[in-house]
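Subject: A structure to look through, with notes

Dear colleague,

Here is the structure I promised to hand over, and below it I have set out what was found, point by point. Please keep it open while you read, so that you can follow each item on the screen.

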Amino acid sequence: MQNDKSFIKGFLEGNPKILQNIYDNSYSYVEYYVVSRGGFKKDAEDIFHNALLLIYVKLKEEKITIQKFDNYLFTVCRNLWRRENKKKRVTNIDSIPLVSEELDMATFYLENEQWELYHEKFKLISKQCKEILKMLFDKKTYDEIVQKYAYASKIVARQRVFKCKKRLIQLIKQDKRYTRLKK
Amino acid sequence: MKLNDLLIEKLEKYLNDDMHHNERELFQEEINDSVDLQEFIEIYNQIDTFKNDTDWVAFKGDAKKLKQVTRLFQKSDTVAFSQKLKDFKSNYTDNNSTKKIKWQRIALFSSVAASIFFIFYSILFQTSNLSNIYEQHNSWDEIPSLSVKGNILESQKNKLEKLFLSKDYNASIILCKTILSSSQNIEPNILLYLGISQIETGNYNDALRTFSKLINTNTIDSHKGYWYKAMVYLKLNDKENTINTLQKIVSNDYYMKNDASIILKEIK
């Protein structure tokens, strides 16, 4: 139901039945995700609202097709929370600049687009590259990479990581969206 | 400037910290003059954080682009949609509260009915023991569903729920352990499924350990661990630990407080 045209149309119109469906299906998971990571219920509510707003703008402006609405919504919520979390971590409450809500949402819109581009291209690199990079994301050491793939040394592991990242960078830069985000 | 093989080789040495001091300084100058090199290094470093659950890559693009997108959020239809969401949310909360009150009434009625039943049962048959009480309370209907949406819950979790519902508890235990060992997140629901599967397969000590782990997760559901621990103690006919655990539930207003107080009255 969530993927058909009438669902999207109803969502864009703010149809209460469709919104009910979205809240019933997804809100509790987002609240759980945020609260279990140190956030408050209010944070979860704001994140859910902002994620729906972003999807609204994206659907209106980019005419995108969303494969699974609830999956996509959850991913946007997760990214919003990661961003909020980082903001809280790196900024002192007194030094947070006064930014309009719209500007803040626009900044996230572009950051999320960048994240989606990286994520999409990551899926295209080789299986081994994905595994090696995932080890790095999981904060595994080069020694562990050497051990898992039986490389001769850490130098070889570093070379391999570099090649994987280089391939990913090529894929990212070749995409039109990269240029669009930068200019 | 396009990145040729020589530049790529230099980049690799630079990023892997394999350059001598002078070589590094010279290459740094080259980087300062090249947008391509700067972009490569920027993305190279961003790759490390884009999959990190606790980090986020900030936007460093063009200000004009940002202005353009800001306007989309200022458009009247976007503002109207935002208001619709807010209006819906306030009603949604109210609906939920109404539902909550309704369920609280049902729960209260059920508790009273259960109390009457317990008293009647005890007087009539005088055979009430901890195992009997366990049999009346070991319904796992309250366990949260795993067949949920989003990337956080993979197909393995959906499979687990199916196995659990089909009462294949041995297979559930194996799958729970697989999920727990591969997940980077705290998984209170999986611990719940694991503990109950361990009860159902007679691994009571393992179940107690699992529910202790659940309690130690400090998540919003961690207090449920006390109720399920009490179920294990009931099953083991361990009166002292049953009472201690149930008292903890009642005094701290934890999950299944009403049922806990009924059982306490029954077995004390």
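In which helix of chain B does B:Val250 lie? B:Val250 belongs to helix H12, which covers residues 239-252 of chain B. Please bear in mind throughout that this is a predicted model. If we set aside the neighbours within four places in sequence, B:Val250 is in contact with B:Lys257, B:Ala260, B:Ser261 and B:Leu264. For one of these, B:Ser261, the separation from B:Val250 is eleven residues in sequence and 6.3 Å in space, taken from C-alpha to C-alpha.

Next comes the place where the two chains meet. On the side of chain B, 57 residues are in contact with 68 residues of chain A. The size of an interface is often given as the accessible area lost when the parts come together. Here the area buried between chain B and chain A is about 6,500 Å², and carbon and sulfur atoms give 64% of it. Within chain B, the residues that lose the most area to chain A are B:Phe50, B:Trp56 and B:Phe73, which together make up 14% of what that side buries.

The rule finds eleven residue pairs in polar contact across it, counting pairs with both residues at pLDDT 80 or more. Helices H1 (5-15), H3 (35-50), H4 (63-74) and H5 (76-125) of chain B each supply at least two residues of the side that touches chain A. The residues of that side divide into 25 nonpolar, 15 polar and 17 charged.

Side chains of opposite charge can pair when their charged atoms come close. The structure holds 26 salt bridges over all chains, and the count between chain B and chain A is six. In one salt bridge, the side chains of A:Glu61 and B:Lys75 meet at 3.1 Å, N to O. A:Glu61 lies in helix H3 (residues 41-62) of chain A and B:Lys75 in the loop between H4 and H5 of chain B, so this pair joins two chains. Both partners are partly exposed, A:Glu61 with a relative accessible area of 36% and B:Lys75 with one of 35%.

Other salt bridges lie within a chain. A:Glu120 and A:Arg177 meet through their side chains at 2.8 Å, N to O, and this pair links distant parts of the chain, with A:Glu120 in helix H5 (residues 101-122) and A:Arg177 in helix H9 (residues 176-182), 57 residues apart. In chain B, the closest N and O atoms of B:Glu187 and B:Lys157 are 2.9 Å apart, and both of these residues are buried. In chain A, salt bridges that share partners join A:Lys58, A:Glu62, A:Glu113, A:Glu116 and A:Arg180 into one network.

Finally, please look at helix H2 of chain A (residues 16-35), which has a kink of about 45 degrees centred on A:Ser26. A:Ser26 is itself among the buried residues of this helix, which also include A:Ile18, A:Tyr23 and A:Val30. At the N-terminal end, A:Asn15 caps the helix, with a side-chain oxygen 2.8 Å from the backbone nitrogen of A:Lys17.

With best wishes

Methods
Residues are numbered from 1 along each chain as its sequence is written. Chains are lettered from A and ligands numbered from 1 in the order in which they are written. This is a predicted model: local features need pLDDT of at least 70, side-chain atom pairs count only at pLDDT 80 or more; totals for chains, interfaces and linings use all residues. Side-chain values use heavy atoms; hydrogens and water are left out. Contact means heavy atoms within 4.5 Å. Buried area is the accessible area (1.4 Å probe) that two parts lose on being put together, summed over both. A salt bridge is a side-chain nitrogen of Lys or Arg within 4 Å of a carboxyl oxygen of Asp or Glu. A polar contact is a pair of N or O atoms within 3.5 Å; within protein, one must be able to donate a hydrogen and the other to accept it, and residues adjacent in sequence count only if both atoms are side-chain atoms. Helices (H or I, at least four residues) and strands (E, at least two) are DSSP runs, numbered from the N terminus. Ala, Val, Leu, Ile, Met, Phe, Trp, Tyr, Cys and Pro count as nonpolar, Asp, Glu, Lys and Arg as charged, and the others, Gly among them, as polar. The bend at a residue is the angle between axes fitted to the seven residues ending there and the seven starting there. Buried means under 20% relative accessible area, exposed over 50%, partly exposed in between (1.4 Å probe, protein chains only).
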